[in-house]
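Subject: Structure for your files

Hello,

Please find the structure below, with the sequence alongside. My notes on it come after.

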Amino acid sequence: LHVHLDGSLRLQTILDLAVDEGCRAVVLSGEGPAFCAGMDFTQFGGGPDNKLKLLVSTQALFATLLGFPKPIVAAVQGAAVGGGFALALTCDIRIVSEDAFFGFFEVKRGIPAFFDLVRLFVDEETARDWCSTGRRIDAGELLRLGVVSRVVPQAWLIEEGVREAAKAIGRTLPPGIIRVFADEHLRFRNALFPGEYLGKGI
């Protein structure tokens, strides 16, 4: 099944696919020119209620994807930045178009990057570079480091993603990724609500 990452995507869709016997794997792609441009910075700067909604919804999305029992192939075109970069890393296989680019641009606004998550894929020096500079990372660099499986022309992207999904037989997430996301969630919470106690589990 090919799922577009757009405003219509709901967690319930993912949960339904988890139990759908006709679905063996999922290809996740963006709607339009970008895979996922990450968080809307205007939401980050909103009031407490809006920030809490953002925190809970973000946690729910990543928890659902990490608990998904079937292989997920990210078919990445255009921008996959901030949370979009992290989203691609939660998938088992990443096929990207030649125009794809990645990065944690949010660090320039004081929002923490997903350092521990990135460390599951690359060495510490590279992770610190990406997570502290917020620089643009092109598809070729990720291919050389083994973070993505293949770089293809955009016209072939979905076809290649579906082909990879057809070959996938199980999830291949790095060991420790669920613990890492718990730590990343805590850092994100502290950035949204510095010095505040929100209660256990939030």
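Predicted model: local features only at pLDDT ≥ 70, side-chain atom pairs only at ≥ 80, totals over all residues.

The chain has 202 residues, of which 45% count as buried. Its secondary structure comes to 9 helices and 8 strands. Among contacts with a separation of 6 or more, 71% are between residues 24 or more positions apart.

On the cores: the largest nonpolar core has 41 residues. Those with the most contacts inside it are Val76, Phe85, Phe102, Leu117, Val118, Trp130 and Leu142. Helix H4 (residues 83-89) gives this core its largest share, 5 residues. For Phe85, leaving aside neighbours within four places in sequence, the contacts are Ala80, Phe102, Gly103, Phe104, Trp130, Ile137 and Leu142. Another core, of 10 residues, lies apart from the largest one and includes Val27, Val73, Ile95 and Val152.

On the helix pair: H3 (residues 48-66) packs with H9 (residues 177-192) at an angle of about 170°, and the axes are 11 Å apart. Angles over 145 degrees count as roughly antiparallel, and H3 and H9 are therefore roughly antiparallel to each other. H3 makes the contact through Lys51, Leu54, Leu55, Thr58, Gln59, Phe62 and Leu66. From H9 come Ile177, Ile178, Phe181, His185, Phe188, Arg189 and Leu192. By class, the contact has 9 nonpolar, 3 polar and 2 charged residues.

Regards

Methods:
Residues numbered from 1 in each chain as written. Heavy atoms only, no water. Axes fitted to C-alpha atoms, helices over the stretch in contact; angles between N-to-C directions. Helix = DSSP H or I, 4+ residues; strand = E, 2+ residues; numbered from the N terminus. Parallel < 35°, antiparallel > 145°, perpendicular 65-115°, else oblique. Contact = heavy atoms within 4.5 Å. Nonpolar A, V, L, I, M, F, W, Y, C, P; charged D, E, K, R; others polar. Buried < 20%, exposed > 50% of the residue type's maximum accessible area, 1.4 Å probe, protein only. Core = buried A, V, L, I, M, F, W, Y, C linked by side-chain atoms within 4.5 Å.
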